Amino acid sequence: MRYRPLALFALTAGLAVLCGDFTDAGAQVPKQKKGKKVDPTPVTPTTTEPTETTRAKQLTPPKLAMPADKDAAAVAKVIDEEVQRRLSEAKLVPSAICSDVEFLRRAYLDITGSIPPAEKAKVFIDSTDTDKRAKLLDELLADPNYGRRMADIWTAKLFPKDSGNRLLTKEPLYKWFEEEFNKNVPWSELVTSLVTATGEVDANPAVMYYLANRSIDKLTDTVGQHFLGLQIQCAQCHNHPFTSWKQTEYWGMAAFFSKVKTDLPKNANKGGDNTKLSASETPGRSKQKDFLPESAKNLPPKFLGGPEAKLNQNEPYRPALAKWMTSAENPYFSRALVNRTWALLLGRGFVNPVDDMIPENEPSHPELFDALAYHIGATGFDLKYLMKCICLSQTYQRTSKPTPENKGDTKLFSHMTVKVMSPEQLFDSLGKVTGNIRNSDVGKGPKGGGKGGVPGGARAQFVNFFLAGADTASAIDYEVGIPQALRLMNSPIANNPAAVRAIVGVASDPVEAIERIYLAALSRRPTDEEKKNLADYVNKSSTRATAYGDILWAVLNSSEFTLVR
């Protein structure tokens, strides 16, 4: 690393990120491990069914008064009233509403996955329009980058990083997600398309979900975890040790996938065409190699926590599962969508972990949780509408700066939880600032595996390096280490004179140049103290270009850049 007068500042900021220098440190939730390791020793399943009190009940009209039709402002008001009620019960005063700068950067990163352009930031900050926040949300939800943001999230969840997928490419599934989310296809229809996917990849990219999860237990686990908010994998080999799920229930649910047959991936270097791979349902139980684990039980299809399905054995099973799952009355589906979306925007869900919605794990705001779940199901599972409802609320728009009284609050949403940029958000935001990512595939889907399973494309390689072996990144814990910090500090991305010239332009006044750097990287203007100190530094430097490069380098390596406040 080259030596610079500002190196100490940047290094301190970088280490602060590594060590968790969160303004909202008291509100962070320790990371919880997902799932339990499956016991390979099968046990004799019990026929004893859990009592009704241990199951989530079907969604019914809520106690809280919700609008009959779509009305984001009215729903936001209900959110705030109920959150405030819980805060009052706990004798907590919420933090203030965040500044326009905080809201702008937060909304851009949460919805589109990257920071705002400098000119957009300047216009928004200077605007006196009292409705500008609502208008911004509409603009961001209509931005094509919204689809890419959601594709980043859901491809990572449904396309596991394992050696069995090294010959597959993520791109068809990624692009499909991107298009479906941008079209705002109802969540119920999107999930139905995934669960019932049949045919070849080039005609139906959703089939890639089955190709990337080529065993009955993987399919059962991912559907339960991501679409129903339930971790049932521990019941695969025995009754769940910590909940009421039984082994018979696991294999009753798994039976809906028991007739699935998928093609095996082919080596493209040997002439294989993985766009022609397909998934289908066979007339009888699948005999595909490695599809059924040793612990598999041959049971009739049974809805999870519900009755046995009445199916024709000669017809596909999965459509019946999808119809049950996506019903507005389903006790899990709508709740899972609301909980996961709430956690995406506020750092933690009503229930945590978000994929462990069991009766023993009670929600922080049960009445609000059920009211939102019922309303979203009754209005058609519109994900963009749900996000707007949440983002319009004062609960979402609170500052991340806690007060001395509420700094210990970890679940009542008295202040916004500080989040960490995902590797995708970091890459795209760096590209937005510097425009200096060679062979960049910003805006394109992951290219899949190269030789040895190494991701292809600059974006995919960057994400893989910053994940540091993890499947996905935590939203509230900075999990990477010194190699990632050093790579960013020494990278051409943050050390490029051309990028500095592009940002500063023809500005002759150091204060104006510094302001342009801050607007480009931090979406705000520098404070008076920052202007004075940095202008003095510029005037004392041998060349202004070098000084501006030092300032940009320091800002890009600061915790303020990498955190979502």
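## Helix packing and a cavity

Helix H8 crosses H12 in a right-handed sense. Keep in mind that this is a predicted model. H8 covers residues 187–195 and H12 covers residues 318–325, and their axes sit 9 Å apart at an angle of about 160°. Since angles over 145 degrees count as roughly antiparallel, that makes H8 roughly antiparallel to H12. On the H8 side, the contact uses Val191, Thr192 and Val195, while H12 brings Arg318, Leu321, Ala322 and Met325. Sorted by class, that contact has 5 nonpolar, 1 polar and 1 charged residues.

Now for the other pair. H6 and H7 have axes that come within 7 Å and cross at roughly 135°, so H6 is oblique to H7. This crossing of H6 past H7 is right-handed too. From H7, the residues involved are Tyr174, Phe177, Glu178, Phe181 and Asn182, and they meet a set in H6 that includes Tyr146, Met150, Trp154 and Leu158. The class count for H6 with H7 is 9 nonpolar, 3 polar and 3 charged residues.

Side by side:

| Helix pair | Axis distance | Angle |
|---|---|---|
| H6 (residues 144–158) and H7 (residues 171–182) | within 7 Å | roughly 135° |
| H8 (residues 187–195) and H12 (residues 318–325) | 9 Å | about 160° |

What about cavities? Searching the whole structure turns up 5 of 30 Å³ or more.

Technical notes:
Residues are numbered from 1 along each chain as its sequence is written. This is a predicted model: local features need pLDDT of at least 70, side-chain atom pairs count only at pLDDT 80 or more; totals for chains, interfaces and linings use all residues. Side-chain values use heavy atoms; hydrogens and water are left out. On a 1 Å grid over the protein atoms alone, a cavity is a set of points where a 1.4 Å probe fits but cannot get out, and a pocket is an open set with protein on both sides within 12 Å along at least five of seven lines; lining residues have an atom within 4 Å of a point. Grid points are joined across faces, edges and corners, and a volume is the space filled by probe spheres set on the points. Axes are lines fitted to C-alpha atoms, for helices over the stretch in contact, and angles run from 0 to 180 degrees between N-to-C directions. Helices (H or I, at least four residues) and strands (E, at least two) are DSSP runs, numbered from the N terminus. Angles under 35 degrees count as roughly parallel, over 145 as roughly antiparallel, 65 to 115 as roughly perpendicular and the rest as oblique. A crossing is left-handed if the near helix is turned anticlockwise from the far one by less than a right angle, and right-handed if clockwise. Contact means heavy atoms within 4.5 Å. Ala, Val, Leu, Ile, Met, Phe, Trp, Tyr, Cys and Pro count as nonpolar, Asp, Glu, Lys and Arg as charged, and the others, Gly among them, as polar.
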